Structures are given as structure tokens and as C-alpha cells.
Amino acid sequence: MRHAPLLLCLVLATAACGQAKESSPGATAGGSLDFQGSWNGLGSRHTIALGGDRLGSIVNLKGSMLLAGSGRPGVGFQSEVIGLNDSGTGFQGRSVWTDEHGDQVFSSLQGEGTAANNRIDGTILSGTGRYAGMTGSYQFSWQWVMEGEDGAVQGRAVDLRGRIQPGPVPGAPSR
Amino acid sequence: MTPGLIDPKVPDGVAPKPPGLIRELGTGLRIKRAAPFALALAIWFFPVPAGLTAPAWHLFAVFAAAIASVLINAFPLLTASMLAVGAIVLTGTIKPEQAYSGFANSSVLLVVIAFIVAQAVVKSGLGRRVSLFMVSRFGGSSLGLAYSIVLTDAVIAPAFPSNTARGGVLFPIVLSVAQGAGSKPEDETRYLGGYLMFCSMAGLAVSSALWMTATSCNPIAVQIIKQAGLDIDFAKWFLASAVPSLLAILLLPLIVAKLFPPRVGKTPEAPAAARKELAGMGRMSREEWITAGTFLLMVAGWIFGNQLHLNTTSVAFMGFGVLLFLGVITLDDITKQGDTLVTFFWLAVLFAMSAQLNEMGFMGYVGQRLAAGLGGLSWMTLYMTLVVLYVVIHYMFVSQTSQVLALFGVFLDVGTKGGVPLPLMAFALLFASSYFSVITPQGGSQNIIFAASGYLTQRELYKLGGIITLAFLAIYLVVGSPWVYFVMR
């Protein structure tokens, strides 16, 4: 096996990328569905000093979000977050989740964004495709990792939990 | 019959000599050359896995095919990377500025400049003087030379926060020693040079694991571990790493000699001959003094770069500029550096592709899915599986820091939640984050300087890299794990 490492790597990647059973949030329209998950985001952070200990920073992170639980809207998403953090007033951000079909979920984020309280609350605003009309909320705690040599930063969502109300099933009569 | 595992082969530096027209190719080579395209198309048109986006999946298809084409010797790395970057931009998979970002990456530029500065050390005669000095002290055998290089690296490593810069310091010495011993990349004498180059490259990987301050990704990983509840300082790191790392350093030249025999055994007469020749060289020339002074200033800039807020690559650029200004390197010398340009092209492209795979979440996705699928294992099995996976996944990365940022926290979380003691999991991942860099020639930017020397073919680099990584993995798991468990109780 001259190319064993590459083959092993490809097998691992393929195994990891194997088709997982998809859930269909639209099928249970009307009820609330719970989900949990994990998210690791990589990107950049630019910080300016606002006098004293106060700091302002803009962040842009992209990463893979994997969800679990019977109510998950999808197995996983590519998630992108853009946000503004002011250590004096807190964190405000927007997030887009994109699935393998290109369907998207849009949400807003807010939190204190301080070292003492890094809990972030997300509100699902709307979606496209199979997530059209979906609403809900989610929470997670934010962990920052030091910047790399090239200015890259990593953000980690810890204890990500949420609840969604799927949108109306396409073709179903409106009530 | 070659005594080692590696078949003898006409050295090709970065690439095997390409045949001419397609119609001149044999059937075997045609199939070989078709295989990477087939692989790319197969992955590309496979349904996009849930949780990934189409661009990330398509980029993976092209990246995997490019690496595979080099491994099966279908194309040189330059050809594969040029086809790959053309494909991903023309298909709209990623934006041009993302695909070309590697050309402005400071690590990539540092590799290129370090490579050119190394040629100045050789050209000025300083390299020959240093090589004769080393042969006069350690030249009784090729093994002695290899040990002198890896041990020197291990000693200077804690002072260098950039292992790429450290590679830039070692490479001119290794190149000079190889050339001084009559080893040339273009003929059968290349084995000694190849042996020394690979020992140096792999030595950098282990010396980075030996000291907390020996590479920039170590402190980042330490911060992640701190958030998990374990404080690691310089002394604690050294205590945990000393036994497995020093064992790996001691075994490295012996293992590489078995796999890739230098074909030069004991040379008891060499030290005396080198001393005589060194005496014949006379006093240092103007060019040697300038090169030595510039090189020492560059080394000082790399060592104290963090404290003085100096960019490592800028230090290299300034040194390069000084050598040009004072005429040690001329424009004519630069025009002859075709290999450097080749290296710059393929490294920049692969670097950008791997970085984009990471940014698009592909690496994190694979890591999270694999790690999450290990539930229910005993902690010991989980521990070993996680470490092996973490090392193997580095096949897809072109930067150690990128993998640490993307996957270190995920693997640490899964391990500790599965019952693996935190210090054991933490140190195993910390050490792996350094020694896995040798798994591919592009697995760490410091490798490229040695890989591009022309003494080893790409296939040899991949083969040796795979086997040595396996050896390191075995040493750190079998010897390192009980040691860490014992001292961190």
C-alpha cells in the first residue's frame, strides 16, 4: 500500500462526509422543535481601543455547525457570523446558515460579549427554501481562542441549544 | 537491489521530467494521468454531504485530486497545482483573491526568501567553511553529521518562535555540508544530501514538540487547553515532552538511515581532510563576513522578533536586500533561481487551497463528524483513535496553526468528555501538532525549504514522511503516554 496515508485520509473524509439522515422541519409545522449542536468558526477579528479598558472589535467567522436532536432543522450547516463587539455595550451580530442545497437560515445575535458573561442569544428571523418561514431562537456561550500568526482567530460555540418553529409546509392549507 | 525501502530514481527536485506530447505517453502513464481527473470528477459529482456547501465539496474534490496526482506520480506538483487553481477559479468554486492569497502569505514568502538567502551562504564561501568545520568535528560518519544537525536544532529551538525561520537557519548549513561532502541533487551522490535534508526536516518537527516556545502554534494550543482547565507553562511542557521527544530525536537518524541509506558509511579520514582543507581556505573573505553578519542579524531578528514587534518575513526581506545591496547576491544569481519560482507557485496555490478548505468549514466538518462518531469507546481506545485521526487529518492541511485553530479544541473536548484524562489528551494533541508536520512535504512551511532542495523526489518525501510520522506516533503513544500519565498525576 504505497499510498496508504492518502487512501486512509480519503476514506476518513468520505466516512465523515457520509450522507446523514436528513430531518425535514417543514413536516412537523406548527410545533416547537428542540436541537443542540456545536460550532467552530474561523476568521478574523479587528480590534480598536476605545479608551481605558474599553475595546471595540469587528469579527467575521465562518465554520461548520453540526446539529443534533430530533428537532434539528438540518444535519449541519456552514455558518457565517459577522458582528460588532463593544466591551462597554455588548455584542450585536448577524448569522447566515447555509445547507448542502444552498437553502439558508438567517438570524440575529446579541449578548453582553464580556469575559464575565459571554452568552449569546440568537433569534432566527427567516429562511429560504425548506427553511422558508422558520422562526425560533438559540443560545450559546462564546469562547475565543488566541489569534494565530496570520491574524486568524477561532470562535467556539459552547452549549449551543435552540428551539425552532418550522414554517408552513408547502402546499398545506393556511389556517 | 537498493538496500533501503526507497527505489533509486533519477532525482527530479520538485518534479519528474515531463514527457513530451500526450501521444508519446505509454498506456500506463495515460491511465495514471487520467486517474486524478476521474477522482476529481467522482467526488465533484457525488451528492454534497449534508452540512457542507457545494463550493467546499468541490474544492475538496480538486484538492484531493491534485495531491493524489503527485502521489501516483502522474504529474509534478507544479502541474497539479496550476491545473487545480485554474479549475477552482474558472468554475467559480472560490474567488480569485482567495485562490491567490497564498502568494501574499508571509509564511510562503519567508520560505522563498530563506531559500534564496541560503544560496548566498553557499555562494559566498561561508557555507563551505561551515561545512568543513562540521565535517572536521562530526564527519567520521554520515550518522555523526545527521546527529550534529538534529541536536543543534533541538538546542536552538526554544529561542525560535518560528520553526520556518529555524529551517531558514539550518538549511544553508545542511546544504553546505551536503555539497561539501560531494553530494549533488542531479546524480547518484544525492543520497547523502537527501538523508541529511530529511533528517533536518523531521528533526524540526520533533524539536518543535520538545519545547513550548519552538513554534508559533504551541502557545495557541496552550491557550485552548487553559480554557479547558489546565495551565501549561514552559517547565511543565518540557517535563512532559522530554522523554518521548528526546527518544524520537535519538532514533530519527537511525530510522531514516534504514529507510533511505545515505550510501556513505564511516569516513574516518574525512575529519582530517576537512581540517586540512579548512586551513587551506585561509581567512574569511569580504563576502563571507558580510553574509555572516547579515545572517546573524537575521537570526537575532527572528529570535527577538516578538519582543521587538518585528515581522519575521520582513527580517528576511531586509537581509535579502542587504545582501543584494552589498553585492553578495547579484541579479544574475536571482535569475538562475528557477527552482525557487517553481516552489513559490505550487506552495502558494496549495497553501491557499488548504486555507480555503479550512475557512469553508470542510476541515472542521470532517474533524467534528469523525470525533463525534467515536461515542461509546473505552477512554483508552478513544484516546488512541483521536490521536491517530488528528495526525492523519493533517494530510489535508498545509499549515500547523490552521489545524490547531480548526480541530484542537474539538478533539480535546471529545476526548475529555469521553473520559480521557485532560493532561494526557492535551499533551498528546500538543505533541502531535508538531510532529505531524512531516507527514507531507507541504505539511509545515519549514519543510518546503528542505523539500525544494532537489535531493529528494516528491514520492520519496511522501513515503519517508508517512513512515516517520508513523514512527513518531508510535513513540509518543507507547512511550510518551505512560510518561505523561506518570508525571502529570
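**Helices of chain B and the composition of chain A**

Helix H8(B) bends by about 30 degrees at B:Leu170, and a proline, B:Pro172, follows within four residues; the bend at a residue is the angle between axes fitted to the seven residues ending there and the seven starting there. The model is a predicted one, in which local features need pLDDT of at least 70, side-chain atom pairs count only at pLDDT 80 or more, and totals for chains, interfaces and linings use all residues. Residues are numbered from 1 along each chain as its sequence is written, while chains are lettered from A and ligands numbered from 1 in the order in which they are written. Helices (H or I, at least four residues) and strands (E, at least two) are DSSP runs, numbered from the N terminus.

The 18 residues of H8(B), residues 163-180, should span 26 Å at 1.5 Å a residue, and the end C-alpha atoms are 25 Å apart, which agrees; the expected span is 1.5 Å times one less than the number of residues. Of the 18 residues of H8(B), 17 are buried, so that the helix is mostly covered. A residue is buried if 20 or more other C-beta atoms lie within 10 Å of its own, exposed if 12 or fewer, and partly exposed in between, with C-beta atoms placed from the backbone. After H8(B) comes B:Gly182, with a positive phi near 85 degrees.

Just after H10(B), B:Gly229 has a positive phi of about 110 degrees.

Two packed helices are described by the angle between their axes and the distance between the axes. Helix H9 (residues 190-210) and helix H11 (residues 234-259) of chain B pack at about 175 degrees, with axes 10 Å apart. Axes are lines fitted to C-alpha atoms, for helices over the stretch in contact, and angles run from 0 to 180 degrees between N-to-C directions. H9(B) is therefore roughly antiparallel to H11(B), a term for angles over 145 degrees. The contact comprises 13 nonpolar, 3 polar and no charged residues; Ala, Val, Leu, Ile, Met, Phe, Trp, Tyr, Cys and Pro count as nonpolar, Asp, Glu, Lys and Arg as charged, and the others, Gly among them, as polar.

B:Ser142 belongs to helix H7 (residues 142-156) of chain B and is buried, with 26 other C-beta atoms within 10 Å. Apart from neighbours within four places in sequence, B:Ser142 contacts B:Leu192, B:Tyr195, B:Pro262 and B:Val264.

Most residues other than glycine have a negative phi. B:Arg263, in the loop between H11 and helix H12 (270-280) of chain B, has a positive phi near 65 degrees and is partly exposed, with 18 other C-beta atoms within 10 Å. B:His309, between helix H14 (305-308) and helix H15 (312-325) of chain B, has a positive phi of about 55 degrees and counts as exposed, with 7 C-beta neighbours inside 10 Å.

Chain A contains 1 helix and 8 strands, and buried residues make up 40% of its 175 residues.

Conventions: Parallel < 35°, antiparallel > 145°, perpendicular 65-115°, else oblique. Contact = placed C-beta atoms within 7 Å.
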